[in-house]
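Student: I have just opened this one and would like to walk through it slowly. Can we look at it together?

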Amino acid sequence: MWTYITKRILWMIPTFFAISLIIFLILNLAPGKPGGTLASGAEGQEASGSSRESYRVFKSQFNLDKPVLFNTRYALSDEQVEKCLNNYANESGKVPMKEVIKSQELLEDYGQYSIPSLIRILKKSEGNQKFRAVVLETLLQNAQRYPINAYAEHLDEKTKQINNEIDSENEKIRTFACAKDASPQEQEKAAKKWYAWYKEHEDRFKYSFGQKIGIFFTDTRFFKYWASLIRFDFGVSHIDKKPVMGKILSKLQYSLCLSVPAVIFAYIISVPLGVFSAVKQNSKFDRICAVILFMLYSLPSFFVATILLYFFSQGGDFLKIFPTGGFQSPSVDSLTTWEKTKDIIWHIILPLICMTYGSFASLSRYARTGMLDVIRSDYVRTARAKGLSEFVVVVKHAMRNGMIPIITLLGTLLPVIIGGSVIIEYIFGIPGMGQLSITSIYNRDYNMIMGIQLISAILVLIGILISDLLYALVDPRISFK
Amino acid sequence: MEEEKKYKKVSYWSVVWSQFKKNKIALWGLGAIVLLLLQAIYSPFLSLDVPIVYSIDGKMHCPFLLELFNKNRFENTVDILFNAVMVVSPLLVALWFVCKKIFSISTNKTFVIFIAFVILVCFAASIVSEKLVKIGNRKYKEEIAIAKSEGKKVSAIFPLMKWSYKETDLEGSNPQAPSAKHLLGTDSTGRDVLTRMLYGTRISMTIGVVAVSIYMLIGIVLGALAGYFGGAIDIWISRLIEVVICFPTFFLILTLAAFIEKRTVFHVMILIGVVSWTGVARLVRGEFLRQRGMDYVQAAIALGISRAKIIFTHILPNAMGPILVSATFGIASAILTESSLSFLGLGDPTAPSWGGILNIGRQQGKLWLILAPGFAIFFVVSVFNLVGEAIRDAMDPRLRQ
């Protein structure tokens with residue numbers, strides 16, 4: 001058995017890698033920009049310099065300035081850079097705005113890799129004052145390096161030292177700046193400074209074969225993401241710069257409070273119901289039950305939730321019993337533990353009903369079919385023939401085998417239990433995992449979305465494993481060999 | 001010879017049909033699906049703000065036909081498509097009838113080709129009309145009212161209700177409660193809810209059918225390849241299925257839908273289709289593994305029939321039963337997924353989707369905006385589930401009577 005489990009867990013690793021690769025590609029190749037408000041504020045070219053700068057820092061901190069899978073920028077040609085510069089400078093005024101913004105973005109993303117080309121272009125472009133201004137501006141922007149891990153809470157001494165060095169160099173580089181409308185002489189003066197600086201640091205931009213291979217594979221978004229993922233670090237949220245894992249864990253309690261009772265109630269109701277309708281197959285009770293369960297099964301949960309809110313909440317028009325939403329009252333801190341519990345229960349009754357009815361409808365149907373499969377089998381007949389009471393026959397003999405499918409379902413419910421329900425939490429305003437996922441989607445918080453997707457994928461993987469193991473555990477006929 | 005005649009030739013599907021017919025409720029369900037489809041196709045006759053014919057001072061105008069293809073009136077390509085079906089269908093039904101009666105062509109195959117032909121024609125019509133028909137958003141009701149007040153002789157035949165689904169009624173404070181003017185009231189911007197509900201059927205039906213067709217196609221092809229060829233192909237496809245099964249489907253659809261800037265109904269369909277094919281693929285793979293070893297397949301291989309033919313014309317029809325059942329359930333769940341998306345505000349903003357109406361109802365707290373779309377979704381979903389279950393039971397030899 002242990003070899004089986006180990007084998008399965010080892011298989012999970014490549015599967016998980018493939019899942020993360022696919023989700024990562026989908027997210028990064030999808031149109032639009034990450035970071036919600038931050039990105040949209042910087043979208044227009046006319047955005048102020050400081051917000052543009054903060055957007056650039058944001059991009060570099062989240063590796064968004066890097067290519068997705070493979071990096072070939074070590075071989076950046078002068079033509080590529082020049083084309084972008086031409087588009088960005090837009091001397092003729094004919095380049096469409098979209099193209100200009102794209103070129104600007106691309107130039108920023110090239111970063112350090114574009115320095116040699118920029119220096120060469122700077123040398124070539126003598127006499128063209130307007131174009132040179134753009135080159136100088138880009139150079140100034142790309143030559144500055146970013147401090148490492150700016151958003152991290154704790155830095156060790158070594159990184160701090162490196163960051164200090166970077167800062168002092170950036171300080172020096174900033175003195176090279178010259179105004180946009182500077183005269184050709186002034187530009188030449190600045191260019192001289194650049195040539196000197198470049199000569200000093202030239203070997204930084206010459207890559208050996210090994211370095212090139214390294215850049216090709218490692219200086220990419222996917223590698224950087226995976227490098228931290230190996231340490232179970234899902235990165236930090238784009239919005240409030242807090243660690244993704246911590247945010248998810250802090251939301252977990254709310255979802256668990258809702259889903260664990262929901263699953264328990266669903267099992268408590270559905271098992272007896274399913275067993276009873278199977279034992280009394282084709283009776284009136286069975287038929288009525290089947291119809292009701294069928295209807296509950298087809299009822300969309302968001303409809304039920306809306307109806308319940310309308311009829312039973314204080315925001316509605318009828319019985320104003322329950323609150324309109326939320327997990328607890330705002331004044332919760334002043335309450336005793338008992339009152340707190342009461343308050344929470346009062347808040348979660350409606351969402352609990354919504355979460356329970358759907359799963360109990362399908363579970364009962366599973367329980368009924370599972371029971372029907374065994375109730376006519378020979379060993380049950382034997383048990384009856386032995387003169388056992390009907391109760392013992394059903395509960396002790398038939399149920400053990402009949403409930404196998406519904407027990408194994410428990411494993412597949414794991415993602416629902418931990419992930420919570422997006423719709424229910426959205427409607428009732430419960431600050432759990434479901435609401436976290438929908439807000440991260442609205443905010444285009446890539447790291448958060450990735451984190452939630454990957455965690456749910458892991459949960460599905462574990463859930464499938466658990467349900468297979470449960471199968472073998474409750475059914476002795478199945479072995480791992 | 002006499003002996004043989006005693007046994008009627010009974011095909012598998014006629015057995016299934018005869019079993020299905022015994023289930024009266026399921027028959028009603030099937031009828032309801034047909035009715036819903038008809039309602040979806042002919043909803044312009046039920047509600048539109050364009051008169052079918054009208055005459056001012058004896059001069060006849062008939063703007064209805066052209067308006068059906070007006071992009072300004074029907075923002076959605078889905079609507080144009082359905083309108084094309086509406087216009088073309090009577091002609092084609094007549095044509096088919098003639099073919100059947102006079103030339104007596106009535107085999108199943110011609111029927112399938114015929115349906116495919118109809119769909120193609122409608123697609124072509126909708127695409128062409130989008131390019132050709134360019135009329136502004138003329139307000140016929142106002143024109144007629146003005147003509148009437150000028151004392152001209154006016155008569156007009158309107159559809160049953162005089163509203164289009166995007167027309168806003170600004171008289172009175174919106175949302176208006178149900179009245180004789182608006183049978184189900186209006187939503188927060190003053191659009192007639194009943195009309196939106198009627199056109200919403202179109203959205204739901206298309207989502208269900210197209211999304212399921214997409215994932216059936218992917219699932220059947222991949223499953224068939226894996227099951228038939230086995231070996232390395234099977235291993236790779238099975239791995240792929242294992243990976244895709246682990247995707248949090250609904251969340252992934254939500255994310256992708258949010259990332260598409262100009263969402264249309266078709267995006268939603270493709271998203272649902274691309275993400276949820278794994279169930280079908282596993283089903284088909286299993287069926288193919290089972291059928292592959294059977295004598296008739298071996299015989300077909302021995303006869304030298306091409307692989308593609310064996311897969312699609314020999315094995316696939318025999319594996320079709322479970323696929324059909326899962327397709328029926330799939331339609332129900334695709335409709336549910338779409339309405340949840342619209343409910344969360346991530347559907348097509350221009351489409352009159354039931355989920356969208358329900359969302360407005362939730363925000364406004366108005367009962368007519370909640371009940372109507374809610375029950376519509378409930379009804380459609382349960383009808384498809386009902387029929388799916390009935391087909392499954394009809395195919396189950398243990399339940400055969």
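Student: In what order do the three strands of the open sheet in chain B lie?
Tutor: Keeping in mind that this is a predicted model, the three strands of chain B form an open sheet in the order β2-β1-β3, and their pairing is antiparallel.

Student: And which ones are the edge strands?
Tutor: The edge strands are β2 (59-61) and β3 (154-157) of chain B, each of which pairs on one side only. From one strand to the next, the twist averages 15 degrees.

Student: How many bridges are there between β1 and β2 of chain B?
Tutor: Strand β1 of chain B, residues 53-56, is joined to β2(B) by three bridges in the antiparallel sense, and you can find B:I56 standing opposite B:K59 of β2(B).

Student: Which helix lies across β1 and β3 of chain B?
Tutor: That is helix α8 of chain B, residues 140-149, which runs at about 155 degrees to β3(B).

Student: Let's take a pair of helices then. At what angle do α9 and α10 of chain B pack?
Tutor: Helix α9 (residues 193-229) and helix α10 (residues 231-245) of chain B pack at about 140 degrees, with their axes 7 Å apart, which means that α9(B) is oblique to α10(B). Their crossing is left-handed.

Student: Which residues make that contact?
Tutor: From α9(B) come B:L222, B:L225, B:A226 and B:F229, while α10(B) brings B:G231, B:I233, B:D234, B:I237 and B:S238. By class, the residues of this contact are six nonpolar, two polar and one charged.

Student: Switching topic to the two chains: how many residues does the contact take from chain A and from chain B?
Tutor: The contact between them takes 36 residues from chain A and 31 residues from chain B. On the side of chain A that touches chain B, several helices each supply at least two residues, including α1 (2-29), α13 (284-298) and α22 (446-474).

Student: Which helix gives the largest share on that side of chain A?
Tutor: The largest share comes from α22(A), with seven residues.

Student: And what classes of residue are on the side of chain A that touches chain B?
Tutor: That side has 27 nonpolar and nine polar residues, and no charged residues.

Key
Residues numbered from 1 in each chain as written. Chains lettered and ligands numbered in written order. Predicted model: local features only at pLDDT ≥ 70, side-chain atom pairs only at ≥ 80, totals over all residues. Axes fitted to C-alpha atoms, helices over the stretch in contact; angles between N-to-C directions. Helix = DSSP H or I, 4+ residues; strand = E, 2+ residues; numbered from the N terminus. Parallel < 35°, antiparallel > 145°, perpendicular 65-115°, else oblique. Left-handed = near helix turned anticlockwise from the far one by under 90°. Contact = placed C-beta atoms within 7 Å. Nonpolar A, V, L, I, M, F, W, Y, C, P; charged D, E, K, R; others polar. Pairing = 2+ DSSP bridges.
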